[in-house]
Amino acid sequence: MQLTSPESLIFWTTIIFIVFFFLLAKFAWKPILGAVKSREESINNALASAEAARREMQNLTADNERILQEARMERDALLKEAREMKDKMIADSKQEAQLQGERMIEQAKAAIAAEKNAAMAELKAQVSSLSLDIAEKLLKDELSNKEAQTKLVEKMLGDVKLN
Amino acid sequence: MVISNKPLQFLFAAIVACIPFVGFANPAVDSTHVTTEAVAEHHGEAAHEEKEFNATELINSHIGDAHEFHIADWGGHPISFYLPVILWTNNGLEIFSSEKFHHDNEGHHVVDVNGQELVRYKEVIFYKDKFETLTEEERKNGAFAFDARPLDFSITKNVFSMLMSTIILFLLFLAVARSYKKNPKAPKGIAGFLEPLVTFVRDEIARPNIGEKKYGKYMPYLLTIFFFIWINNLIGLIPFFPFSSNLTGNIYFTFVMAFITFLVTTFSGNKDYWGHIFNTPGVPFWLAPIMVPVEIIGMLTKPFALMIRLFANITAGHIIILSLVSLIFIFDTVAVSPISGAFVLFMSVLEMLVAALQAYVFTLLSALFIGQAVAEHDHH
């Protein structure tokens, strides 16, 4: 390499580099490095908040799950209770119905017995009056016929014994 | 090892790596070429075709600095973009266009500036009278013959491309900064492309090497050198005007960059850093006369390595590519061009990787040195 005058390039390189350095430092590196740094910070912040949001979301999901579980259990309990209540009601009403029926049968029986007694009493009274009528007629009839009278008395006595 | 899995690529790379040696094989022959070329300099296209091709000359002129931007040759006449020449002469400041030298680089064409006669020899401007007293060897090392030449503060090809790169970068990052004001959400467009690089420098270079507490202070410096070196590496790979300069492959440039890192490191040094240099813990005090110079040399070798690494890597890449192109002219047949072209394509792609890699390495090591200077040791 043919060496040329050293002072030219040394002088100009020094001047140009120093001026260039200060110009770039002021107008380029400062804003660029600042922007890069602030953006990195904002990206980091955004990532951190996204992470926080994700965790929050997870918590919410877990909460939802828990609430749902509770609700399901409550529903089951309610259903069970209702079923029990239904069974109990059915059982109760059956018992009630049975008691009522029994009581009605009892009353009916009592009424039938009373009716029967009354009917019997009436029948007796009817029979006795009929008997008296018959006897009266017979007597009137038989008193005119001695033989028949006797026979009738005997027959009646026989009937009384039978009764 | 990765290479052993790819014998073809390895062979390829090995051949490519050997090519520059062919180019420099015979310096004795080269010097005879120089004289023939000097004679043939002003004879136009026909003379150019007749004279023997000199790869070393071509490569040197391409990787070196220049006062004008050579764009192309048309009908034997070079078309150039003329840059201003700024000289601090015995009579004070002189500014004129490099067109005045009429492309002469052999000390033949005399330029009269306010009564002072100047000549240019291999891109170094001399006073004519003093130039004539110099020997051939002194002329070749003319860059350091300060008594025979005015101080040269010209806007050279490299200065021009450096200015261009700073303007490109400044506009680019200004646009990025502005886009953040408008759009505080995810980056879009140019910001989306450059922001990963910015965060890469921050998260992979600054943070691990300097430490969480102090890295912020050095971020502007690290970002600036990373993008500055990278874009200039890339500009050097584009083979046409207004690019094609070899700024990051220029040792003066890498010297300044490394020196700035050295200054930043030195002025960032805390108590522990200086303590390690002047009173290395665990070393008996009577060893100090040895240890202190060694530590001070250590301070200097780190930026020195930075300077050499960038310079050598970029220059080597340029030399390889130029050598491959030169092969066509050395063999003097167009039949070589497909092979040469394929190699150049391969090397160019590789150099694009190297461009990013060297910017990364320079930034990484700068961060590492700063990190060492600001580290708080728990004494062991």
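Me: In what order do the 3 strands of the open sheet that includes β6 of chain B stand?
Reply: This is a predicted model, in which local features need pLDDT of at least 70, side-chain atom pairs count only at pLDDT 80 or more, and totals for chains, interfaces and linings use all residues. Residues are numbered from 1 along each chain as its sequence is written, while chains are lettered from A and ligands numbered from 1 in the order in which they are written. Helices (H or I, at least four residues) and strands (E, at least two) are DSSP runs numbered from the N terminus, and two strands pair if DSSP finds at least two bridges between them. The pairing in this sheet of chain B is antiparallel, and the order is β5-β6-β7.

Me: Which residue is the bridge partner of R120(B) in β7(B)?
Reply: Strand β6 (residues 116-121) of chain B runs antiparallel to β7(B), and 4 bridges join the two. One of the residue pairs is that of R120(B) with its partner in β7(B), I125(B).

Me: Is E123(B) buried or exposed?
Reply: The loop between β6 and β7 of chain B holds K122(B) and also E123(B), and each has a positive phi although neither is glycine, near 50° for K122(B) and near 65° for E123(B). A residue is buried if 20 or more other C-beta atoms, placed from the backbone, lie within 10 Å of its own, exposed if 12 or fewer, and partly exposed in between. K122(B) has 18 other C-beta atoms within 10 Å and is therefore partly exposed. E123(B) has 25 C-beta neighbours inside 10 Å, so the class of this residue is buried.

Me: Why is one side of β4 and of β8 of chain B left without a neighbour in the sheet?
Reply: The 3 strands of this open sheet of chain B stand in the order β4-β3-β8 with antiparallel pairing. Because β4 (92-97) and β8 stand at the edges, one side of each is left without a neighbour, and what each has is a single partner strand.

Me: Which residue of β4(B) is the bridge partner of T89(B)?
Reply: Strand β3 (residues 84-89) of chain B and β4(B) pair in the antiparallel sense over 6 bridges. Within β4(B), the partner of T89(B) is G92(B).

Me: Which residue in the turn of the hairpin of β1(B) and β2(B) has a positive phi?
Reply: β1(B) and strand β2 (residues 77-82) of chain B pair in the antiparallel sense over 6 bridges, and E68(B) has Y82(B) as its bridge partner in β2(B). The hairpin has 2 residues between its strands, and the residue in the turn with a phi of about 60° is G75(B).

Me: Which element gives the largest share of the side of domain 1 of chain B that touches domain 2 of chain B?
Reply: Domain bounds come from an automatic or database domain assignment, which for chain B gives domain 1 (20-155) and domain 2 (159-374), with C-alpha centres 30 Å apart. Two residues are in contact if their C-beta atoms, placed from the backbone, lie within 7 Å, and 14 residues of domain 1 are in contact with 16 residues of domain 2. Elements giving two or more residues to the domain 1 side are α2 (7-23), α5 and β1 (68-74) of chain B. The largest share, 5 residues, comes from α5(B).

Me: Which element supplies the largest share of the side of chain B that touches chain A?
Reply: The contact takes 40 residues from chain B and 30 residues from chain A. On the side of chain B, at least two residues each come from α5 (55-63), β8 (151-152), α8 (157-182), α9 (189-210), α10 (215-237) and α11 (251-268). The largest share, 11 residues, comes from α8(B).
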